[in-house]
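Subject: Structure handover

Hello,

Here is the structure we discussed, with the sequence alongside. My notes on what turned up in it follow below.

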Amino acid sequence: MKFDIMRDRLLAGLNDVMKAVSSKTTIPILTGIKIDVTHEGLRLTGSDADITIQTFIPVEEDGEQLMNVSATGSIVLQARMFNEIVRKLPTNEVEIEVSTGFATNIRSGKSEFHLIGLDASEYPLLPEVAEDRQFSIPADLLKSVIRETVFAVATSESRPVLTGVNWRILDNELICVATDSHRLARRKIQLEQLPAEINSVVIPGKSLNELNKILEDTTDLVQIALTNYHVLFKTDDVLFFSRLLEGNYPDTSRLIPEEYKTNVTINGKALLQAIDRASLLAREDRNNVVRFETLENSTVEISSNSPEIGKVEEQISVGNLEGESLKISFSAKYMMEALRAIDGQDVIIQFTGTMRPFILRSIHDDAILQLILPVRTY
């Protein structure tokens, strides 16, 4: 195998696939990156057995020559070392040549590295993906769906299925739900040409976070294909495979209340900033709890009290206040993350009582819903 390539393009491809490489893997060859060179271009693959990312660099793009291939072939090179070497090479032209015994020479300018590679045939194969369960979403919409749900997944492994986001398709609607059993984030999207109903798949939160870093903020379509064990996200030059989580995701629809006793319409940004200020004192206290109380004349009071430090109170006028008066306490962190997901729009908060879950929605649409369990304070 022998080729030369523009260093910046190689580095951009490496940046993507390195997101899947883990030093903690139990399979030694997965600490490497697989390099496949054909006359069409260069394929880089990185994997930790849960996530696999593959990126393709064509020989030429938009009339510009990106690489020259003298001899095709495949090799696996130690990922961290190869990435560091490419990053620090002196010129933008890199020549890579593999001779007998997987010895690999990397040349750039007057600099030359010799690495010992591994046999590419030992590298695990990519999962097979059938054509039937496929649909596509614009990349910018997919990014916002991830941002609006993934923060609510569980971080503890005690219930592994809750560390992922549940996706299902019902009546031409994709419904994405994440919960850690203290709060819940739900996002719905209407899509054309969805496959027949997909009961339920659970995509690890970690995978969605890594995917979010790779996706460009454009309207280009991302193809999504599902198997029983994997999901594939495919853009023009990147394939992103993730293992699905096993187990039954709980039915969360029953958690969302049907009737409400108190409705508050309020500016999301003003509320977020007030809770942020109140949490300065709450943060010192171990549980970071903020109180919310409805007052007369269409105002609410946000307060926090820490016996050792002091207290803070702030009143905010609200757009609309209906129903019973209310005092409720909640985690400042959960509330702030929910408000950020709704992204500074005016929100409607609907309460069913002091110790019952309450929900937040944008007043403009029902697509994003956040549910939070209050904290019992005496």
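Arginine 147 is partly exposed, at 38% relative accessibility. Its side chain meets that of glutamate 148 in a salt bridge, with 3.5 Å from N to O. Glutamate 148, in contrast, has a relative accessibility of 5% and counts as buried, because the cut-off for buried is under 20% relative accessible area. Please keep in mind that this is a predicted model.

Glutamate 148 is also one of the buried residues of helix 3. That helix covers residues 139-149 and is mostly covered, with eight of its eleven residues buried. The buried set is Ala139, Leu142, Lys143, Ser144, Val145, Ile146, Glu148 and Thr149.

The salt bridges come to 18 in count. Side chains of opposite charge can pair when their charged atoms come close. Three further cases:

- Glutamate 84 and lysine 88 form a salt bridge through their side chains (3.6 Å, N to O). Both lie in helix 2 (residues 79-88), four residues apart, which is about one turn of the helix. An α-helix has 3.6 residues a turn, so residues three or four places apart point the same way. Glutamate 84 is partly exposed at a relative accessible area of 36%, while lysine 88 is exposed at 64%.
- Arginine 361 is in a salt bridge with aspartate 366, and their closest N and O atoms are 3.4 Å apart. Aspartate 366 has a relative accessible area of 40% and is partly exposed.
- Glu95, Glu97, Arg107 and Glu112 are linked in a salt-bridge network.

Nine strands make up an open sheet with antiparallel pairing, in the order 16-13-14-15-28-27-26-20-24. The edges are strand 16 (198-204) and strand 24 (320-323); each has a single partner strand, so one side of each lacks a neighbour in the sheet. From one strand to the next the twist averages 20°.

Glycine 164 is placed opposite proline 204 of strand 16.

Two helices lie across strands of this sheet. Helix 4 (residues 205-214) lies across strand 13 and strand 16, at about 75° to strand 16. Helix 6 (residues 332-342) lies across strand 15 (183-190), strand 26 (346-351), strand 27 (358-362) and strand 28 (368-372), and runs at about 175° to strand 28.

Regards

Key. Residues are numbered from 1 along each chain as its sequence is written. This is a predicted model: local features need pLDDT of at least 70, side-chain atom pairs count only at pLDDT 80 or more; totals for chains, interfaces and linings use all residues. Side-chain values use heavy atoms; hydrogens and water are left out. Two strands pair if DSSP finds at least two bridges between them. Axes are lines fitted to C-alpha atoms, for helices over the stretch in contact, and angles run from 0 to 180 degrees between N-to-C directions. Contact means heavy atoms within 4.5 Å. Buried means under 20% relative accessible area, exposed over 50%, partly exposed in between (1.4 Å probe, protein chains only). A salt bridge is a side-chain nitrogen of Lys or Arg within 4 Å of a carboxyl oxygen of Asp or Glu.
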